[in-house]
Amino acid sequence: KICGVTRADEAHAIVDAGVDALGINFWPNSKRYLPLDQATPWLRELADTVPRVAVTVNAPDTTLRAIRDSGVIDWIQLHGDETPDRVASLRQEGLPVFKALGVRDRTALEAAADYDSPTLLLDAYAPGTYGGGGETMDWTLGADAVRRWPDRQILLAGGLTPENVAAAIRQVRPAAVDVASGVESRPGRKDLARTRDFIAAARA
């Protein structure tokens with residue numbers, strides 16, 4: 001998953017490069033923020049190509065429903081301080097949500113057990129920034145999560161680059177990997193050569 005895409009031309013080029021999912025950041029405080037109405041035209045063009053994932057942080061239910069009802073998003077990533085009860089409630093309502101957690105230590109990993117989220121994204125712990133900062137998480141904790149929850153899709157994020165993603169995959173064995181800053185020329189602008197290298201390294 002290539003996350004923090006902000007431009008139509010880059011989105012199409014990344015899909016053509018063979019990515020498995022695109023992430024669009026709808027958190028207003030993000031350096032990669034893109035309003036839903038600006039993203040809608042080109043997200044609609046990408047229907048039936050790859051899953052389109054909305055990244056949200058502590059968004060109210062009305063915002064999450066609006067994202068779902070837009071018809072241009074397939075999954076909603078909850079990357080904030082959402083509680084297990086809130087995630088369960090949203091899933092019971094039928095919203096296509098999954099939880100992302102910043103993992104600082106084993107205690108944080110233990111907390112993940114409380115979430116009703118068959119897909120779980122594990123990111124580096126970065127208080128106040130909610131991901132996208134280029135910090136690497138402890139891969140041994142990711143590997144532990146994969147072993148502990150074989151029926152969950154574990155997505156690995158945090159500090160991944162074309163240079164280290166193959167090693168991360170070998171150690172963790174996640175269902176998927178997620179990158180934002182590791183393939184950028186600057187926040188919100190993807191370096192397409194690095195993006196292709198990242199995809200090739202992950203697949204290898």
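**Helix packing and sheet**

Modeller: Helix α3 (residues 61-69) packs against helix α4 (residues 84-93) at an angle of about 40°, their axes being 12 Å apart. Axes are lines fitted to C-alpha atoms, for helices over the stretch in contact, and angles run from 0 to 180 degrees between N-to-C directions. The model is predicted: local features need pLDDT of at least 70, side-chain atom pairs pLDDT 80 or more, while totals for chains, interfaces and linings use all residues. Numbering starts from 1 along each chain as its sequence is written, and side-chain values use heavy atoms, without hydrogens and water.

Biologist: What makes the residues of α3 and α4 a contact?

Modeller: Contact means heavy atoms within 4.5 Å. D61, L64, R65 and R68 of α3 and R86, L90 and E93 of α4 make the contact.

Biologist: Why are β1 and β7 said to stand at the edges?

Modeller: The open sheet has seven strands in the order β1-β2-β3-β4-β5-β6-β7, with parallel pairing. Strands (E, at least two residues) and helices (H or I, at least four) are DSSP runs, numbered from the N terminus. β1 (22-25) and β7 each have a single partner strand, so one side of each is left without a neighbour in the sheet.

Key: Two strands pair if DSSP finds at least two bridges between them.
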